[in-house]
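Work through the exercises below with the sequence and the structure open beside you. Try each task before reading its solution.

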Amino acid sequence: MGEPPHPADKTGISAHVSIGDTLTSRNQVHASASVLGIPFIRTMMPRPRPADGRLGFGRYLTDHVLVAEHEAATGWHPPRIVPAGTPHAEYASAAIQYGLSVFEGLKAFKSDRGEIRIFRPDAHARRLEASAKRFCMPEVPVEMFINSVRAIVRAEADWCPPHTGGGALYIRPTLHASEAFLGVRPAAQHVFSIILSPVDSYWDGEAHKLRLWAEREFTRAAQGGVGAAKTGGNYASSMLAAKRAKEHGFDQVMWLDAIKHEYLEEAGTMNVLVRIGDTVVTPPLEGTILPGITRDSCLTLLRSWGIRVEERRISLTELAESARAGKDIEMWGSGTAAVISPIGELVWDGGSVKATSSSIAPRLKAALDGIQSGRAADPFGWLIPT
């Protein structure tokens, strides 16, 4: 038996898939090939490559996108890689109208020998499954997720920059509701897509120490909400506070709990870790913060080094009292984009705490860099080949 057909126009590309629709207007593609068994239609209109210099983050997109559709009645249709182009959105979709969209962010790294490997795609696949379940969306099977990521990275391998200076190929898988329907209910049609972007360091300057504002007016997430899901709404709701903080000279916001506005949760687009004396403390996963893959990698490394780690609540009051008592304090954020970002100062209305040293964060950054670049052993099996 053959693979189930999907709704398609005369090009063979789904009529309701936004990114693939550009094929009908261009009508300029090479004959189909395949990558890891996934059909690959190569563009004849490649995008210009970035000039030498800083890539920034998310500024450039590669030539192709992987897409796969899901329908409630038939399940997942086979993925395919098609030329990227100007997207067309279904304006009545629940993704646009009600925010039914979840995503992931992971990276592929090029070693000194030119091998390209992907960092912890299995963990990202499981987190996307959890996000999808929270929004009543179809779960992308782990095997399908990993194979799709491997295929699109292999197809765009020449876009991957060298690891020098934090270079990587950033991978953005997204699952969104595509059905045109204005009623408030789970959608019956969805699209899974993956786009890529060559990137380097998220922050300007490797030694840049962040200055954060502890936000006590706005709230990112509350118990019972969607704070643990990687969904666009969590980022949209954070923008006003971040904009206001930057206007006052801060790099980002430190989000606090929704009830007392006292306990640390997330630092903008990063999880947060604090060392007080010889103990590293990080907020627990209680449904209000993203279960970061880099956060988990840091905790795994720290425990393997014999460093004491506590996953518990940490308050502004505890930080201030520790500083007054003369305890050594180190703070940093962790995330796929930012990797390890040292925090130099945390400020709030009525108080502030400055980091007094920096020893663990640089060691974590060096360890992750060594594993991801292939210059050090990968004892945890975090890297998979393309």
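The exercises that follow concern a predicted model.

**Exercise 1. The cover of strand 3**

Task: Find out how many residues of strand 3 (residues 64-71) are buried, and which residues lie on each of its sides.

Solution. 
Step 1. A residue is taken as buried if its relative accessible area is under 20%. By that cut-off, 8 of the 8 residues in strand 3 are buried.
Step 2. Sort the residues by side. One side holds His64, Leu66, Ala68 and His70, and the other holds Val65, Val67, Glu69 and Glu71.
Step 3. Both faces of strand 3 are therefore covered, because each of these residues falls under the 20% limit for buried.

**Exercise 2. The partners of strand 3**

Task: Determine which strands pair with strand 3, and over how many bridges.

Solution. 
Step 1. Start with strand 5 (residues 80-83). Strand 3 and strand 5 run antiparallel and are joined by 4 bridges. Within this pairing, Leu66 has Ile81 as its bridge partner.
Step 2. Go on to strand 10 (residues 189-199). This strand pairs with strand 3 over 6 bridges, again in the antiparallel sense. Here His70 stands opposite His190.
Step 3. Finish with strand 4 (residues 75-76). It runs antiparallel to strand 3, with 2 bridges between them, and Gly75 of strand 4 stands opposite Glu71. Strand 3 and strand 4 form a hairpin, with 3 residues between the two strands.

**Exercise 3. Aromatic pairs**

Task: Classify the ring pair of Phe57 and Tyr170, then the ring pair of Phe145 and Phe192.

Solution. 
Step 1. The model has 7 aromatic pairs.
Step 2. Locate the two residues. Phe57 is in the loop between strand 2 (38-40) and strand 3, while Tyr170 is in strand 9, and the two are 113 residues apart. Phe57 is partly exposed, because its relative accessible area is 28%; Tyr170 counts as buried, because its value is 8%.
Step 3. Take the other pair. Phe145 and Phe192 have centres 6.2 Å apart and planes at 40°, which makes the pair tilted. Phe145 lies in helix 4 (residues 142-155) and Phe192 in strand 10, so the contact ties together parts that are 47 residues apart in sequence.
Step 4. Check the surroundings. Phe145 and Phe192 are both buried, and together with Trp76 they form one aromatic cluster.

**Exercise 4. Salt bridges**

Solution. 
Step 1. Side chains of opposite charge can pair when their charged atoms come close. The structure holds 26 salt bridges.
Step 2. Asp63 is buried, at 5% relative accessible area, whereas Arg49 is partly exposed, at 41%.
Step 3. Asp296 is in helix 7 (residues 293-304) and Arg120 in the loop between strand 8 (116-119) and helix 3 (121-134), 176 residues apart. Asp296 is partly exposed, at 32%, and Arg120 is buried, at 9%.
Step 4. Arg275 belongs to strand 14 (residues 270-276), and Asp328 to the loop between helix 8 (316-324) and strand 17 (329-335), 53 residues away. Arg275 is buried, at 6%, while Asp328 is partly exposed, at 29%.

**Exercise 5. A patch on the surface**

Task: Decide whether Val184 is buried or exposed, and name the patch members.

Solution. 
Step 1. Val184 is found in the loop between strand 9 (168-177) and strand 10.
Step 2. Its relative accessible area is 73%, so Val184 is exposed.
Step 3. Val184 forms a nonpolar surface patch with Tyr98 and Leu182, and their accessible area together is about 340 Å².

Note on methods
Residues numbered from 1 in each chain as written. Predicted model: local features only at pLDDT ≥ 70, side-chain atom pairs only at ≥ 80, totals over all residues. Heavy atoms only, no water. Buried < 20%, exposed > 50% of the residue type's maximum accessible area, 1.4 Å probe, protein only. Pairing = 2+ DSSP bridges. Patch = residues over 30% accessible without salt bridge, like charges linked within 9 Å, V, L, I, M, F, W, Y side chains within 5 Å. Areas by Shrake-Rupley, 256 points an atom, 1.4 Å probe, with all protein chains shown as cover. Salt bridge = Lys/Arg side-chain N within 4 Å of Asp/Glu carboxyl O. Phe/Tyr/Trp six-rings, centres within 6.5 Å; stacked < 30°, edge-to-face > 60°.
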